[in-house]
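This report describes the pockets of one protein model.

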Amino acid sequence: MIRIRPTSPCDVPALPGIERSSGEIFRQWAGLEWIADDDVQSDDRHRALIADGVACVAEMEGFGIAAFLNGTVCPDALHIWQVAVHREHQGRGIGRRLIEAAQRLAADHGIPSLTLTTFRAVPWNEPYYQRLGFTTLDNARLGPRLKAVLDAEQQAGLPIAQRCAMRKML
Ligand SMILES: CC(C)(COP(=O)(O)OP(=O)(O)OC[C@H]1O[C@@H](n2cnc3c(N)ncnc32)[C@H](O)[C@@H]1OP(=O)(O)O)[C@@H](O)C(=O)NCCC(=O)NCCS
């Protein structure tokens, strides 16, 4: 049994380990193996998004927290910063359920869309979100907010040619 619920500050110590475990999947994608060893969101970042943003976890009977999603509410969208599912529990629809929870939350608050940035072409990133109803935005449709997110990722060292911004209208 899996329960999706709001993240509590007590959950924070478990979340970096889940993100590190989730990133193991990148070891199978040539050129992006290093993502598995990359930095993860800090405890402070998690606490800030619990206090001022959107944060939920998937809790599994007999395992504990298996996944989390967090984001920020912007005027035009609920922007998802991270979705991470523990490697042992990927491919069972937990990511999909977290995105659906974010979608319900946005719709309940009259927020017109979900946005995120992700890796182009990686099967569990851009094509996965396309299957969930997201559209990849070309430069002309990015807008200043998503452009700034991609610029910050480039400054942080992400290979920008392999990144894209996506939106799902609700
Ligand atoms: C992306 C992620 C959150 C999806 O969560 P999940 O619970 O595994 O997702 P689901 O079970 O809902 O679906 C998994 C999808 O990934 C695809 N996928 C998973 N592993 C794959 C692999 N090794 N090769 C190809 N496709 C794969 C599946 O085809 C499936 O898509 P489908 O249901 O449309 O067929 C999870 O894989 C994860 O934590 N990945 C590492 C971190 C990450 O990339 N986060 C997203 C940042 S934008």
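## Pockets of the model

In this predicted model, the second largest pocket holds about 190 Å³ of space. Its lining is made up of 13 residues, and those nearest the centre are Asn 139, Leu 142, Leu 150, Ile 160 and Arg 163. Two elements, α5 and β7 (163-169), each give two or more residues to this lining. The largest share, four residues, is supplied by α5. By residue class, the lining of the second largest pocket comprises six nonpolar, two polar and five charged residues.

The largest pocket contains about 1400 Å³ of space. Around this space lie 48 lining residues, with Glu 19, Phe 26, Trp 81, Gln 82 and Val 83 nearest the centre. Several elements contribute at least two residues each to the lining of the largest pocket: the helices α1 (15-22), α3 (94-108), α4 (126-131) and α5 (143-155), together with the strands β4 (78-85) and β5 (113-119). Of these, β4 provides the largest share, seven residues. The lining of the largest pocket divides into 23 nonpolar, 14 polar and 11 charged residues.

The table sets out the residue classes and the leading element for each lining.

| Pocket | Residue classes in the lining | Element with the largest share |
|---|---|---|
| Largest pocket | 23 nonpolar, 14 polar, 11 charged residues | β4, seven residues |
| Second largest pocket | six nonpolar, two polar, five charged residues | α5, four residues |

The helix α5 gives at least two residues to the lining of the largest pocket, and α5 also gives two or more to that of the second largest pocket.

Terms used:
Residues are numbered from 1 along each chain as its sequence is written. This is a predicted model: local features need pLDDT of at least 70, side-chain atom pairs count only at pLDDT 80 or more; totals for chains, interfaces and linings use all residues. Side-chain values use heavy atoms; hydrogens and water are left out. On a 1 Å grid over the protein atoms alone, a cavity is a set of points where a 1.4 Å probe fits but cannot get out, and a pocket is an open set with protein on both sides within 12 Å along at least five of seven lines; lining residues have an atom within 4 Å of a point. Grid points are joined across faces, edges and corners, and a volume is the space filled by probe spheres set on the points. Ala, Val, Leu, Ile, Met, Phe, Trp, Tyr, Cys and Pro count as nonpolar, Asp, Glu, Lys and Arg as charged, and the others, Gly among them, as polar.
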